[in-house]
Structures are given as C-alpha cells and as structure tokens.
Amino acid sequence: MTQTAPHPENHHPGEIQQMTHREILTAMSGLLLAMFVAMLSSTVVTNALPRIVADLDGSQTGYTWVVVATLLATTVSTPLWGKMSDLVSKKGLVQVALVLYTIASVIASFAPSMEVLIGARVLQGLGAGGILALVQVVIGTIVSPRERGRYSGYIGAVFAVATVSGPLIGGVIVDSALGWRGVFWLGLPFAVAAFVVLQRTLHLPTVRREVHPDVLGSFLVVGGVSLLLIWVSLAGDQFAWGSLTTVLMVAGAVVVLAAAVLVEGKVARDPIIPLDLFRDRTIVLAVIASALVGVAMFGSTVYLSQYFQTARGMSPTEAGLMTVCMVGGLLVSSIVSGRVITANGRWKPWLVGGMALVVVGLGLLSTIDETTSLVVVGAFMAVLGVGMGSTMQNLVLVVQNAVPLHRIGVASSVAAFFRTLGGSIGVSALGALLSHQVAGKIASGLADLGVSATGSSSALADLDSLPAPVLAVVEAAYGESFAHVFLVAAPLAVIALVAVLAMPKVELRTSNGPVREEPAQDAASTDDGDRAPRTAAAATLDV
C-alpha cells in the first residue's frame, strides 16, 4: 500500500491507495537494481583487495581502511538519508545516491595511490548508504509490515546474488587484462539502468515540508564515530594502546558523542537520530542486535576472502567461488523466512534461531587454520550464512513495525546506521587484531628460519614473489590469525542472541496507516502525502 498526497492523480490527504503484488514488484524492480549496485560497492572489491594493496604499496591498515572508509561513510550518512526521506522526494534521493556512487566509482578506477582510493571509497559509501537506507524506506512505505516479509525475501535474494556474483566476477576481472581497476567499472551499467528504471516505475507522492537540516548533530555524530574508528584501526600499529594518543582520541570521541546526544535530544528541530525512538524496548533491543550482527556480517565477508587468498594461496576467482557456500545459506534462509513470516506473522522464532546459528557459525570458524579441509570450511560458512539470512532483514522489519508510517524513514535508517556502525567498528577492530597477530607470527616464523624481517610488520607482500619457505610462514601466520578474528566475534553474537530473546512478541501490522474512509485528523498530520494521521491502529504500535 502507498499513501498519496495532493498530486496530479487527485488523491485526497490521508487516503490509502491499494497496490497489487504485480504493481509492487514493478515499483520494486528499480529499487532492487539500485540495492544490487550498492552491494557491489563492497563485494566486488573484496577479492581484489590483496592485489590492490600490493600494487599500491599498502599495508594491512590500508587494507582495512579501503573497507572501513566505505562502511564509515555509509554509517554516518544513513540517518541523514533516512531523515531526508521523511521530508523530501524519496525517488529523487535514490537517484542522487546513484549519481554519487557512479562518480566515486570512476575516481576509484583511476586512483594512483591508497590515499586517493580510500577517498573515493568514502564517496562510494555515501552513495551506498543512501541506496541501502532508502530502499528499505520506500518498501516500508508501499508495503504493510505483515506483507513486508515476502518482499524482504526478495531483498535477501538480491543481497545474496550480489554477494555471490560480486566477489566471483570481481575475481575474474582482477585476473583478466583489465586488472583490479576494472572492478570499479562493473557497477556503472547497473547504476545507469537503476536510474532509468526508477524514473519509469517508481511513483511516490511528492513531499512538501519545511526542512530543518541537523547540520550540527550530523557533524558531531560523524566526528565522534570517525575518531573511534581511526583509533581502533591505528592503535597497536602507529601508536601503543596505552599511549597518550589513545587517551586523547578516546576522550575526544566520548566528548563529541556526548555533545551529539545533547544536540539530538535538546537542540535539533529535526534530529537525524531522534532519541525518543529508544523509549521503545523493541527498537532498543533490535538496534543492539543489528550492531552486533554487523560485526559478524562485515567481518566474515571481508576477512574470509583474505583468508582464502593469503592462507590458502587461492586466486581472486577461486576465493570468489568459495563465498557461494555462505551466500547459498543466506539466500535460502532469507527467502524462506520472509515468506513464512508473511504467512503466519511470527518473526521471533526466526530471529532467535538465526542468531543461534550465527553464534555456532562463528564458533566453528574460530577453529580453522591453513590446513583445514575446504569442505569443512565451506560447511562452517553455510551455517553462518543461514543464520545471517534469518536475522538481517527481519531486524529491520521489526523496527519498521514499531513506528507509524511517517517515521518509517528515520526508524529504518537508525537500524541500518547501527548495523553498519557495528560493521565498521568490527572491521576496524578485527583488522587491528589480525594485523597484530600476523606481524607477530611472521616475525617469529622468519626468526626460526634465520631470516630477519624487514619493512613494515603489517605490510602485505605479493605472495607469488616469496620463496617457498617464507611463503609457508606467511600462510601459516594468516591461517592461525583468522581463527582468532572469529573467536573474538563469537561472544558479540552471543550478546545479540540475548537481545533477540528479550524482545517482546508483537504482532506484525497488516496495514500501513488509516483505512481509506477515515478522514484526516488535523493539518499537521496531513501536510504531506507521506505522513499518515495518527489513528487507533497506529497507536497500538507503541510497545
């Protein structure tokens, strides 16, 4: 269903227009294509990263920040996109995000250094953040929570296809004459196609509201989160964990984030993260679970690819093929859980079961090394994939069900914000742990061979150029270190499981707003076509 406003189509304020399944799928076609583009921004680069970092003389820290730069930009921009979607044209915002992504991809393809590449990845993250947040918002606008489960399955399917095809196609491109620069061109045709399809198929009411940008709040949130991520990724390498630099960065981040809370709660007229949302127990618990799921999702996809290339000596193409194991499980569980939830309205068993499998999957992966059978590793990845497929989209569904329609944009973006924030912190922290572990093990292994380590302890060498004895040391160091990464992530997934277990059971709504014949209640609630009047049905949403 979709809410319409005074518009050339002559619908009245507060009126609900019914959409058939076919009409919804038509409207979603461009959205899903746009989401595919956003997912490619991270997945297609995954298997190219070892080659990119070696070619641009980067380090393990640089490897981490090529990923973190995109996640950070996605994280901090998500609530901005979500808030703006409640105020201005959702369709126009999606198209702006696609254009930004396209420009950033072109810059990245010509990057002469790690610094330029990381900067381009920041721009890509801004575009991807808009796409990922707005797709959820638009679907939440046109589909009721009860029916949203089946469409969340389509989102999960697109996520799975992008996650499988991205690394695989990216690996093939890296191994071809195009090299790693060609991977940044892969998403451009899809971005152009998504722009055109959206223009033709997505028809949402035009919103006309006075906008009060939360510039100060946005700046403080970006600053505080950025300081934390920079500290996590550099501590232990560029400076000691217990150094004065650590104290200053952590203290600065705490002060800035405290100021952000004050501004969001007391100063901003339209805060990007409305604090009153957290009065709802369901939203609080869903946000906690989303953040911790982000650690598992991004950490596993980023570092499993590096494991296959550095610890197992695979090519980018072969590493891409190995991701099919995890994403196959994600694809099946996402589609099945969405359809079953739509059929019976019961979402909690899927979240609990999914989080339990995430815990088990991470625990199993914490036992691997460079000698573990690939069949066994693939089975462990499948378990993790099934768990993630049952949790990621359904956590957003629970949050959307807990708010009225006119707040669905900001609520969806808050859930996505904390998921990508968890992913950003997870990738940074796990990357720092990996760098420290690898450096120590390589130095120890080389000493046993009577070889002195030279250069940066965290440098990523071109493995093909290493002598066989040294290569064996490097592969063993990476193989053992990746197990520690998953071992650290597993307890965080346990906390997420506890949060899901504590969620109250709330029925999914079967509508997005008032019935057609109910009149508008006041001018404030109908000043634009995206805001539904507060009704008894909507009032039952407050858990």
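Mentor: A salt bridge here is a side-chain nitrogen of Lys or Arg within 4 Å of a carboxyl oxygen of Asp or Glu. Please keep in mind that the model is predicted.

Trainee: How many salt bridges does the structure hold?

Mentor: Side chains of opposite charge can pair when their charged atoms come close. D175 and R51 meet in this way, with 3.3 Å from N to O. By that criterion, the number of salt bridges in the structure is one.

Trainee: How many residues apart are D175 and R51?

Mentor: D175 belongs to helix 6 (residues 145-175), while R51 belongs to helix 2 (residues 49-55). The pair thus links distant parts of the chain, and its separation is 124 residues.

Trainee: Which elements give two or more residues to the nonpolar patch?

Mentor: The patch lies on the surface and is formed by V99, I103, I107, V116, V192, F195 and V196, with about 520 Å² of accessible area together. Among these residues, I107 lies in helix 4. The elements giving two or more residues are helix 4 (90-109) and helix 7 (187-201).

Trainee: Is the crossing of helix 12 and helix 14 left-handed or right-handed?

Mentor: The axes of helix 12 (residues 324-344) and helix 14 (residues 374-401) come within 6 Å and cross at roughly 35°. The crossing is right-handed.

Trainee: How many charged residues has the contact of helix 12 with helix 14?

Mentor: Residues of helix 12 including G329 and S333 meet residues of helix 14 including G385 and G389. By class, the contact has eleven nonpolar and nine polar residues, and the number of charged residues is given as no charged residues.

Key:
Residues numbered from 1 in each chain as written. Predicted model: local features only at pLDDT ≥ 70, side-chain atom pairs only at ≥ 80, totals over all residues. Heavy atoms only, no water. Axes fitted to C-alpha atoms, helices over the stretch in contact; angles between N-to-C directions. Helix = DSSP H or I, 4+ residues; strand = E, 2+ residues; numbered from the N terminus. Left-handed = near helix turned anticlockwise from the far one by under 90°. Contact = heavy atoms within 4.5 Å. Nonpolar A, V, L, I, M, F, W, Y, C, P; charged D, E, K, R; others polar. Patch = residues over 30% accessible without salt bridge, like charges linked within 9 Å, V, L, I, M, F, W, Y side chains within 5 Å. Areas by Shrake-Rupley, 256 points an atom, 1.4 Å probe, with all protein chains shown as cover.
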